[in-house]
Amino acid sequence: AVAMDAPNLAGQPALYVATQLRAYRGGARRHEVMSLMAKPQTDAEIDDLAAWLASLKISVQVAP
């Protein structure tokens, strides 16, 4: 499912994702859901999640 107000994190650079998750966790960046999800994550968990998201390949299909 795709949420219209949420970016696709698959394929994003790991450094970018990890930096943003740490910002949500620390309160420098705020979003009701992302802040809640990032808050209990350790640095290692954030790094692992960011690496996994970066490894995902996305494809775009154009409707006829």
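User: Where is Leu9 found, relative to H1?
Analyst: This is a predicted model, in which local features need pLDDT of at least 70, side-chain atom pairs count only at pLDDT 80 or more, and totals for chains, interfaces and linings use all residues. Helices (H or I, at least four residues) and strands (E, at least two) are DSSP runs, numbered from the N terminus. On that numbering, Leu9 lies in the segment before H1.

User: Is Leu9 buried, partly exposed or exposed?
Analyst: A residue is buried under 20% relative accessible area, exposed over 50%, and partly exposed in between (1.4 Å probe, protein chains only). Leu9 has a relative accessible area of 28%, and is therefore partly exposed.

User: What distance separates the C-alpha atoms of Leu9 and Leu56?
Analyst: Along the chain, Leu9 and Leu56 are 47 residues apart.

User: Which elements make up the secondary structure of the chain, and in what order do they run from the N terminus?
Analyst: The secondary structure consists of 3 helices and 0 strands. From the N terminus on, the order is therefore written, with helices as DSSP runs, as α-α-α.

User: At what angle do helix H1 and helix H3 pack?
Analyst: Axes are lines fitted to C-alpha atoms, for helices over the stretch in contact, and angles run from 0 to 180 degrees between N-to-C directions. Helix H1 covers residues 14–26 and helix H3 covers residues 43–55, and their axes are 8 Å apart. The angle between H1 and H3 is about 140°.

User: How are H1 and H3 oriented to each other?
Analyst: Angles under 35 degrees count as roughly parallel, over 145 as roughly antiparallel, 65 to 115 as roughly perpendicular and the rest as oblique. H1 and H3 pack at about 140°. The two helices are therefore oblique.

User: How many residues of the contact of H1 with H3 are nonpolar?
Analyst: Contact means heavy atoms within 4.5 Å. H1 contributes Ala14, Val17, Ala18, Leu21, Arg22 and Arg25, and H3 contributes Asp43, Ile46, Asp47, Leu49, Ala50, Ala51, Leu53 and Ala54. Ala, Val, Leu, Ile, Met, Phe, Trp, Tyr, Cys and Pro count as nonpolar, Asp, Glu, Lys and Arg as charged, and the others, Gly among them, as polar. The residues of this contact comprise 4 charged, no polar and, as nonpolar, 10.

User: What covers the buried residues of H1?
Analyst: The buried residues in H1 are Val17, Ala18, Gln20, Leu21, Ala23 and Tyr24. Their cover includes helix H2 (32–38) and H3.

User: Which residues does Ser35 touch, not counting residues up to four places away in sequence?
Analyst: Ser35 belongs to helix H2. Because its relative accessibility is 18%, Ser35 counts as buried. With those sequence neighbours set aside, Ser35 touches Tyr24, Arg29 and Arg30.

User: How far apart in space are Lys39 and Pro13, C-alpha to C-alpha?
Analyst: Lys39 sits in the loop between H2 and H3, and counts as exposed because its relative accessibility is 60%. Lys39 and Pro13 are 26 residues apart in sequence. In space, C-alpha to C-alpha, the distance is 21 Å.

Technical notes
Residues are numbered from 1 along each chain as its sequence is written. Side-chain values use heavy atoms; hydrogens and water are left out.
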